[in-house]
Each structure stands twice: as structure tokens, then as C-alpha cells.
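Good morning, colleagues. I would ask you to look at the chain now on the screen, and I shall then take its features in turn.

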Amino acid sequence: GVGAFRLKAGAVVSAPDSLLGAARLFSEMAAPILGGKLALESHAAAPALSLAGDSSLAREEYVLDVTRRGIELRGGSVSAVLYGLQSLRQLAFENRGTIPVVRIHDKPFFAYRGAMLDVCRHFSPIGEVKRFIDILALHKLNVFHWHLTDDQGWRIEIRRYPALTQTGSVRRGTVVGDHRTSSEYTDEPYGGYYTQDEIREVVAYAAERHIAVIPEIEMPGHATAALAAYPELACGHGPKSFETSGRWGVLDDVFCPGKEQTFEFLEGVLDEVLELFPSKLIHIGGDECPRVRWKECPDCRARMEDEG
């Protein structure tokens, strides 16, 4: 269209109660662009920005109308309205609040739009995790895949098994350079993990932005950090020890499926994971699991024979 609308700090946003959370979030996101927050009202008479639900639209579909008189945004759900507000935020950013007259009718092509953050090799403090979620929200992604356990570190507190974070969250050093050829390591411990309260905080932060958090709890491979804490879960009997790995790659020592205590452990871990994450999906990996130890292990061989 022709012309523009100027959105200023203090301008009124009208939204029904169901969309006030989205309006509040937009006000916070737009404040650095506009020089201050917007004013929120449930039913303003002549708002600068009007938000509304529209049951004729698909769940993630929205229509954004900018005229010289104001802005109207309709969406098929709260998520859709948030996506429309992200588009409005981008338009506002271009000219510090001066938004061209335009109509955007948009819906996603893919239902699942996700990105993964691996905090096992390189730990991210809570602030960085939230910033990552903000970046997902800006790009209208709806799934945060949080890779929380691996050979190089166990990053989630499991109260039933405290050694997972006491021991499994720290490695003695980290390989420097290409892990396939280097024998050089840093000489300082590297670690970190998230308490269950911090996990809940991140899940709530993502939910406010309508992003589902899928945790990844690796099994049966990539288990060295867990085995460093509980070596009895590996194949074999008698004294044995493992270290949280300072190298990348695929390692031969994995969970032993020949022992019933392995399944009791994994169920105990997942019981707590399920309490923390409302996601319909939990990623268990299942990849890159060498069977070297299983072929040698009498418990595994007996299990395989019993199960056919």
C-alpha cells in the first residue's frame, strides 16, 4: 500500500484477555525499538494495534493489516498471533517504528519447525539458553530440541541419581583441535548442569513463546558420562571405572541391556524427565551405538537368547 503508520512508545494495544500475554510479550520485545513499552487494554476504543482471534483461520495462520490509521492482527490461535507480532516486530525494526502500509497473510508450510542446542559438548548457562529460545521465536520456530546427555557431560539434575551431575557433568579436560588426530587437552575441568528448577524455568520461558521443549536423554549409546557416575550399568562384572569423555566421536562403552538394573535406572531417569517436560515427545537418541561390548558380554548374550 501507500503510506505508513507510526507505532510509538505508550501507544495502546487492544487485546482480549486470552491474548494479553502475547501483547505483553510484544510490548517487551518492541520496547528497545520504540523507546519504551506499549499500553495494554482489554477493549480500547481506538487502539494503535488491535489483536483478535479468528476461528476461520488455521491454527498457525494469521492476517496482519497495517493502514495509515492503525494495525489489526488476527490469528487462528495465540501462537498464530505471536507469529504475526514477530512479523510486525521485524517491520517496526526496519524504520524504528514507522511501518509501511501492508497486508501479510501467512501460515507455516511445516508443522514441526525446530532447532537443537547441544549443551553436552559446550555448556550454555541459562541466560544463553533463553537467548537461543528468543532467536527461535523470532524466526517462528516452535520446537526447542535440548540435547542434555552425552559422553561429554550429563547436564540435567536427576534427584534419584545424584552422581549423574556430581560426577557425570564434569570432564577433566577437553581435546584441543581435531579429535581424530590430536592428543592435546586443556588442563582444567569443564562442566555444568541445570537444576530441576532451572529446567522448569526454561520450559516456562519457552511455553510463553509457544515453543515446545523436547529433551534428549541418550540411550543406549553415548552413555560415558552416566557410566562415569554409575559404572555398574556397563557390560561386565567386577571393578571398573569410566571418565566423562574429553574427546568427541563414538565410544564403545554403552549401557548394558543384559542387566535388569539398567532398565530400572533408565526408567528412574525418565520418570523425573517426564515430570519436568510437558512435551509429547522425548528424544532417546538410539543412534551411534557400537555393539562391541554386547557381543562380549555374557549378560547381553543371555538376554538376546532369551528374547530371540
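This is a predicted model: local features need pLDDT of at least 70, side-chain atom pairs count only at pLDDT 80 or more; totals for chains, interfaces and linings use all residues.

Where does arginine 172 sit? The residue lies in the loop between β13, residues 170-171, and β14, residues 190-191. Is arginine 172 buried or exposed? Its relative accessible area is 64%, and because exposed means over 50%, arginine 172 counts as exposed.

Leaving aside residues up to four places away in sequence, arginine 172 touches Thr186, Glu188, Pro189 and Glu243. With glutamate 243 there is also a polar contact: the two side chains are joined at 2.9 Å. As for separation across the chain, the C-alpha atom of arginine 172 lies 58 Å from that of serine 56, and these two residues are 116 residues apart along the chain.

The volume of the largest cavity is about 60 Å³. Its lining consists of Leu25, Met29, Ser79, Leu82, Tyr83, Gln86, Ala137, Arg209 and His210. By residue class, that lining comprises five nonpolar residues, three polar and one charged.

Which helices contribute to this lining? At least two residues each come from α1, residues 20-34, and from α2, residues 78-94. The largest share belongs to α2, which supplies four residues.

Finally, the chain as a whole. It contains nine helices and 16 strands. The radius of gyration is 25 Å, whereas the globule rule gives 19 Å for 308 residues; the chain's value is well over that, so the chain is more spread out than a compact globule. Along the principal axes, the C-alpha trace spans about 75 × 45 × 30 Å.

Two further values complete the description. Of the 308 residues, 48% count as buried. Among contacts between residues at least 6 apart in sequence, 73% join residues at least 24 apart.

Thank you for your attention.

Terms used. Residues are numbered from 1 along each chain as its sequence is written. Side-chain values use heavy atoms; hydrogens and water are left out. Buried means under 20% relative accessible area, exposed over 50%, partly exposed in between (1.4 Å probe, protein chains only). Contact means heavy atoms within 4.5 Å. A polar contact is a pair of N or O atoms within 3.5 Å; within protein, one must be able to donate a hydrogen and the other to accept it, and residues adjacent in sequence count only if both atoms are side-chain atoms. On a 1 Å grid over the protein atoms alone, a cavity is a set of points where a 1.4 Å probe fits but cannot get out, and a pocket is an open set with protein on both sides within 12 Å along at least five of seven lines; lining residues have an atom within 4 Å of a point. Grid points are joined across faces, edges and corners, and a volume is the space filled by probe spheres set on the points. Ala, Val, Leu, Ile, Met, Phe, Trp, Tyr, Cys and Pro count as nonpolar, Asp, Glu, Lys and Arg as charged, and the others, Gly among them, as polar. The radius of gyration is taken over C-alpha atoms; the globule rule is 2.2 Å times the number of residues to the power 0.38.
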